[in-house]
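Good morning, colleagues. Please look at the sequence and the structure as I bring them up.

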Amino acid sequence: MAPMARRRTAREMEAAAAARPAREVRDEIARSEPILMLRRRGLDPRPSPPDVPFDPDPEPALARALEARLSHYAFRLFLRGA
């Protein structure tokens, strides 16, 4: 029976991945260390679309009204359940 090859430790794999040249990344968030760490581990994190019950980029008047409503705890509870 052939001897098993020694498996690299997580520390060794991380050091080897960090030593490799990085891919060209244009987005500032994608260059952040947590995102780069996930990519070195083989994951490909992507931003998800906003999950809110209203337009994520509202008109200024609507934004002010939402801001005023968000100061009320009952409205925040309503949004959480919506």
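Let me begin with a definition: a salt bridge is a side-chain nitrogen of Lys or Arg within 4 Å of a carboxyl oxygen of Asp or Glu. The structure, which is a predicted model, holds six salt bridges. In one of them, Arg6 pairs with Glu12, and their closest N and O atoms are 2.8 Å apart.

Two sentences on conventions. This is a predicted model, in which local features need pLDDT of at least 70 and side-chain atom pairs count only at pLDDT 80 or more, while totals for chains, interfaces and linings use all residues. Residues are numbered from 1 along each chain as its sequence is written, and side-chain values use heavy atoms, with hydrogens and water left out.

Arg6 is exposed, at a relative accessible area of 61%, whereas Glu12 is partly exposed, at 32%.

A second salt bridge joins Glu33 to Arg40, with the closest N and O atoms 2.7 Å apart. Glu33 is partly exposed at 47% relative accessibility, and Arg40 is partly exposed at 26%. Arg39 and Asp44 form another, at 3.6 Å from N to O. Here Arg39 is partly exposed at 24%, and Asp44 is partly exposed with a relative accessible area of 42%. Through shared partners, salt bridges link Glu14, Glu33, Arg40 and Arg41 into one network.

I turn to the fold. The chain has four helices and zero strands, where helices (H or I, at least four residues) and strands (E, at least two) are DSSP runs numbered from the N terminus. Of the 82 residues in the chain, 9% are buried.

How do H3 and H4 pack, and at what angle? Helix H3, residues 60–70, and helix H4, residues 73–81, have axes 7 Å apart and an angle of about 105 degrees. Axes are lines fitted to C-alpha atoms over the stretch in contact, and angles run from 0 to 180 degrees between N-to-C directions. H3 and H4 are therefore roughly perpendicular, a term that covers 65 to 115 degrees.

In this packing, Leu66, Arg69 and Leu70 of H3 meet Phe75, Arg76 and Leu79 of H4, contact meaning heavy atoms within 4.5 Å. By class, the contact of H3 with H4 has four nonpolar, no polar and two charged residues. Ala, Val, Leu, Ile, Met, Phe, Trp, Tyr, Cys and Pro count as nonpolar, Asp, Glu, Lys and Arg as charged, and the others, Gly among them, as polar.

Note on methods. Buried means under 20% relative accessible area, exposed over 50%, partly exposed in between (1.4 Å probe, protein chains only). Angles under 35 degrees count as roughly parallel, over 145 as roughly antiparallel, 65 to 115 as roughly perpendicular and the rest as oblique.
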